[in-house]
Amino acid sequence: MAYNIEGMEFLSDCSNEELEVLVDLIKDNGSLTQLLTGYAKYIDNYPNHRAYVDLIQSEIIDFGYNSLKIFADRSYKEVVKKVCKKMNVYDSSDDMYEMENKILGKVFHDSLNEMSEKDKKAIIKDLNFKGLKLKDLEGRGGYLIFAKLFKAGGFGSYKMSVIVANSLARMVTGKGLSLAVNAGLTRALSIFAGPLAIAMAVWTVVDIAGPAYRVVSKAVPYIAALRKMHEN
């Protein structure tokens, strides 16, 4: 079986701490369907996750596919597309990176909507996006504003990515990423984790088939956020 890991190559440059989130996600959310922990490379090298990045990549891609398609060539792009469709942000004209931007925008927007007005204002203030007002974010299309901000790159995109990645890390492993301590976002990080968990629970319930979507619904936005952090 062939795996197209385009979009996941950068995981080879990630730290063990960053990769630990994906490993724990596969082990805990994947439950009995995951194969990672049975490989000799995993057994011999754990917890040096960098030594088996290829297994992490292929496992995440496998979770994005229907198990009946055992002979299909598999790609990370198709997994991203699946998450986009589940989140109702899919557009057939988008490339993979634009799909990731929309997923991150949706994650950020929906999490923000679970906050009090006070906390929303605190987050917007910490992000320091001039001209961004809460009323502009109302409605289902509000996520597109954040998608554009993620796409724009720069320090603002980096800060939002740290918030998303750190919150997902805390959800999966029970602890945030150490780099987030130095990001000047202590308040935002403490506010965001709870609302993101609520929003994530809504997206996960959409799929009642089992653990597969519970893995990719968290893995894809986490990978997308990590990419933005490394790029910026």
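This is a short tour of a predicted model, stop by stop, with something to select at each one.

Local features are described where pLDDT is at least 70 and side-chain atom pairs where it is 80 or more, while totals for chains, interfaces and linings use all residues. Residues are numbered from 1 along each chain as its sequence is written, and side-chain values use heavy atoms, with hydrogens and water left out.

**Stop 1: helix 3**

Start by selecting residues 53–63, which form helix 3. Helices here are DSSP runs of H or I with at least four residues, strands are runs of E with at least two, and both are numbered from the N terminus. Buried means under 20% relative accessible area, exposed means over 50%, and partly exposed lies in between (1.4 Å probe, protein chains only). Colour V53, L55, I56, Q57, S58, E59, I60, I61 and F63 to see the buried set. Now show what they pack against: strand 1 (3–4), helix 1 (16–29), helix 2 (40–45), strand 2 (74–75), helix 4 (76–86) and helix 10 (211–231).

**Stop 2**

Move to P47, in the loop between helix 2 and helix 3. The peptide bond joining Y46 and P47 is cis, with omega about 10 degrees. Most peptide bonds are trans.

**Stop 3: helix 4, helix 5 and their loop**

Next, display helix 4 with helix 5 (96–112). Their axes come within 10 Å and cross at roughly 35 degrees; axes are lines fitted to C-alpha atoms, for helices over the stretch in contact, and angles run from 0 to 180 degrees between N-to-C directions. The contact (heavy atoms within 4.5 Å) brings together Y76, K77, V80, K81, V83 and C84 of helix 4 with M96, M99, E100 and I103 of helix 5.

While you have C84 on screen, note that it is buried, at 0% relative accessibility. C14 is also buried, at 0%. The structure holds 0 disulfides (pairs of cysteine sulfur atoms within 2.5 Å).

Then pick N88, in the loop between helix 4 and helix 5. Its phi is near 60 degrees, a positive value in a residue other than glycine. Most residues other than glycine have a negative phi. N88 is exposed, with a relative accessible area of 59%.

**Stop 4: helix 7 against helix 8**

Select residues 143–152 (helix 7) and 154–173 (helix 8), whose axes come within 7 Å and cross at roughly 115 degrees. That makes helix 7 roughly perpendicular to helix 8, a word that covers angles of 65 to 115 degrees. Show side chains for the contact: F146, L149, F150 and A152 from helix 7, and G154, S157, M160, S161 and V164 from helix 8.

Staying in helix 8, click on Y158. Beyond its neighbours within four places in sequence, Y158 is in contact with L179, M229 and N232.

**Stop 5: F192**

Finish in helix 9 (residues 186–205), where you will find F192. Is F192 buried or exposed? F192 is buried, at 0% relative accessibility. Leaving aside neighbours within four places in sequence, display its contacts: V107, F108, S111, M115, I123, I163, V164 and S167.

Conventions: Parallel < 35°, antiparallel > 145°, perpendicular 65-115°, else oblique.
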